[in-house]
Amino acid sequence: MTHAQLVRLGEHWLRTRYRCGIVLSEQSCASGETPDVIGWKGKNRSVLIECKISRADFLADREKLYRKDPTQGMGCERFYLAPAGMISPQELPKGWGLLECKAREIKLVVKPARNSQRCEAGLMWEMNLLLASLRRVEVRIEPQTITEFLKWKNRLIEYNGGRLPEGVVSPEAEPNVHLLS
């Protein structure tokens with residue numbers, strides 16, 4: 001299994017099994033941390049997955065600044081994802097969970113701490129990561145802005161004689177679980 005394959009499995013697991021509405025992989029931010037996979041669910045709860053395909057990679061990960069000082073790291077919940085049997089639960093940093101991959105299936109071996117590990121610095125780094133990612137999208141959709149791009153339903157109404165096509169709900173009626181109610 002390659003690192004890229006493990007990352008894709010982690011993305012899929014966060015979306016389908018852990019029900020994260022937003023999932024990014026291998027995006028950098030100003031802190032220097034590049035999460036293999038990070039997702040957000042519910043009330044701004046972030047879930048980080050670090051994918052490791054070798055013992056050497058796992059052991060080297062301990063030396064990163066945001067591992068030595070967890071207050072600088074991203075993720076309310078933090079997991080390692082590795083091939084089955086590669087990481088012992090006793091080796092995990094405090095509060096980290098463990099996901100194991102065997103035959104392309106992911107199994108939750110150790111649950112992460114439920115109390116939020118993310119501190120204010122981590123939240124700021126996550127915000128930086130999200131904003132940098134939005135900017136990357138905006139560059140790709142130019143000359144349109146993000147705002148115009150997100151209002152695609154307005155164009156549907158215009159092209160469809162003043163009404164939305166069948167099966168498309170209005171922006172006002174569309175549920176957004178990522179907004180606080």
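Let's start in the sheet: β4 and strand β5, residues 97-102, pair in the parallel sense over five bridges. Two strands count as paired if DSSP finds at least two bridges between them. Strands here are DSSP runs of E, at least two residues, and helices are runs of H or I, at least four, numbered from the N terminus. Leu81 stands opposite Leu99 in β5.

A word on the source. This is a predicted model, where local features need pLDDT of at least 70, side-chain atom pairs count only at pLDDT 80 or more, and totals for chains, interfaces and linings use all residues. Residues are numbered from 1 along each chain as its sequence is written, and side-chain values use heavy atoms, with hydrogens and water left out.

Now the other neighbour of β4. Strand β3, residues 45-51, runs parallel to β4, and five bridges join them. Glu50 has Tyr80 in β4 as its bridge partner.

How covered is β4? Six of the seven residues in β4, residues 77-83, are buried. Buried means under 20% relative accessible area, exposed over 50%, partly exposed in between, with a 1.4 Å probe and protein chains only.

Zoom out. Six strands form an open sheet, ordered β1-β2-β3-β4-β5-β6, with mixed pairing. At the edges sit β1 (22-25) and β6 (105-110), each pairing on one side only. Neighbouring strands are turned by 25° against each other on average, direction ignored. Those angles are between N-to-C directions, from 0 to 180 degrees, with axes as lines fitted to C-alpha atoms.

The antiparallel part: four bridges join β1 to strand β2, residues 37-41. Ile22 has Trp40 in β2 as its bridge partner.

Next, cysteines. Cys51 is buried at 0% relative accessibility. Cys101 is buried too, with a relative accessible area of 7%.

Last, the surface. Met127, Leu131 and Leu134 form a nonpolar patch with about 300 Å² of accessible area together. Areas come from the Shrake-Rupley method with a 1.4 Å probe; for residues, only the protein chains shown count as cover. Patch residues have over 30% relative accessible area and no salt bridge; nonpolar side chains (Val, Leu, Ile, Met, Phe, Trp, Tyr) are joined within 5 Å, like charges within 9 Å. A salt bridge is a side-chain nitrogen of Lys or Arg within 4 Å of a carboxyl oxygen of Asp or Glu. Met127 lies in helix α4, residues 120-141. Met127 is partly exposed, at 47%.
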